[in-house]
Amino acid sequence: MELISPHWHIEFYAPDEAHMRGIVSIYASEKTAFQKVEIIQSSHYGKCLILDGHMQSAQLDEFIYHENLVHPALVSVDSPKKVLIIGGGEGATLFEVLKHPSVEKAWMIDIDEHVVNLCEKYLPEWHRGSFRDPRTILLFEDGRAFLEKTKEIFDVIIVDIPEPIESGPAYLLYTAEFYQIVADHLSKEGIVVLQSGCSAEKELKCLAAIHHTLRQVFPLVYSWPVNIPSFDIPWSFTMASKSNDSKRLKQSQVDEILRNRGIRDLRYYDGEIHQGIFFIPKYIRMALNTNLEIIMDNKPLTYHMIGEEKNSE
Ligand code: SAM
């Protein structure tokens with residue numbers, strides 16, 4: 001067995017911390033109008049989508065990311081009909097959403113048509129044809145611009161975008177102003193859910209700022225850590241609502257909802273895991289309660305790489 005790969009993808013988490021992935025082959029490596037996109041075959045994790053140098057999802061464990069992002073929120077809403085995904089490139093979020101039989105329309109609004117086309121071509125294991133599902137409305141524009149002009153009200157809004165990299169396309173979708181626009185487009189029982197970045201002990205500033213910013217708009221906000229091995233660092237998700245408290249759902253109720261909706265193929269999420277969302281480590285709870293930064297359009301949270309967050313004045 002070859003121990004040393006001749007080609008590596010190196011992702012820096014801090015100036016002195018990095019993860020190296022041995023590359024078996026490269027499917028795509030391009031610069032789009034919005035970001036650098038790479039789709040590689042890594043020896044350990046299978047196919048990987050990498051944007052601006054950061055891992056987005058890997059074949060081996062994308063189910064952990066996408067099941068956390070989608071099912072806790074959709075299960076918490078009775079009969080969700082209209083779901084909006086902002087971002088979502090790979091199509092796996094869309095695929096998970098469409099498992100809920102009550103969903104009549106699923107909008108996916110991604111800013112980068114080129115990335116979605118590459119994902120459709122090279123990552124069929126992620127989207128499994130969901131871009132072509134008759135319930136899908138796939139549009140290519142900035143997610144915030146779409147929300148600002150649409151008159152639709154959604155049962156669930158899923159914000160599946162990359163971290164707020166300073167030069168990237170996503171940093172204005174983490175602000176209090178954006179979350180107010182989201183709230184204005186949610187039904188009374190509606191829930192917004194997002195990936196909220198790293199939850200490692202030294203790197204909680206971003207998660208805490210997102211959590212606290214959401215609390216300016218929504219009375220109910222829950223953040224929970226998740227281990228996604230291909231990310232190499234602990235990750236997090238956050239959901240928020242005006243009045244729908246996901247914590248009310250007991251283990252047996254979640255399992256019954258999944259059964260009634262005919263969803264039997266999940267590998268991570270079930271009633272037991274749903275309970276875990278509300279029991280998070282003390283150091284994270286403390287960070288969420290003490291870091292009271294609010295992200296604003298004129299004071300966005302941006303960073304070059306993890307460990308280098310900074311506020312641009
Ligand atoms: N799984 C990912 C992660 O770990 O962060 C995020 C999923 S996905 C690949 C991110 C998608 O968000 C990309 O396809 C990108 O084009 C899209 N995106 C970035 N900024 C956006 C914006 N302002 N509006 C809509 N889509 C956006």
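Which residues lie nearest the centre of the largest cavity?

I looked this up first: the largest cavity is lined by 28 residues, and Gly87, Gly88, Asp160, Ile161 and Pro162 lie nearest its centre. I took a cavity to be a set of points, on a 1 Å grid over the protein atoms alone, where a 1.4 Å probe fits but cannot get out, with lining residues having an atom within 4 Å of a point. This is a predicted model, in which local features need pLDDT of at least 70 and side-chain atom pairs count only at pLDDT 80 or more, while totals for chains, interfaces and linings use all residues. Residues are numbered from 1 along each chain as its sequence is written, and side-chain values use heavy atoms, with hydrogens and water left out.

Next I noted that the space taken by the ligand is this largest cavity (more than half of a molecule's atoms must lie within 2 Å of the grid points for it to sit there).

I then turned to the shell: 26 residues surround the ligand, and the closest are Gln35, Gln56, Asp110, Asp142 and Gly143 (near means a heavy atom within 4 Å). Domain 1 (2–58) and domain 2 (62–306) both give residues to that shell, so the ligand lies between them; the domain bounds come from an automatic or database domain assignment.

Last, I checked polar contacts, meaning pairs of N or O atoms within 3.5 Å. A ligand nitrogen is 2.9 Å from a polar backbone atom of glycine 143, and a backbone N or O atom of proline 169 lies 2.9 Å from a nitrogen atom of the ligand. For glutamine 195, an N or O atom in the side chain is 3.0 Å from an oxygen atom of the ligand.

Definitions and conventions. Polar contact = N/O pair within 3.5 Å; in protein donor to acceptor, adjacent residues only side chain to side chain. 1 Å grid on protein atoms, 1.4 Å probe; cavity = no way out; pocket = protein on both sides within 12 Å on 5 of 7 lines; lining within 4 Å.
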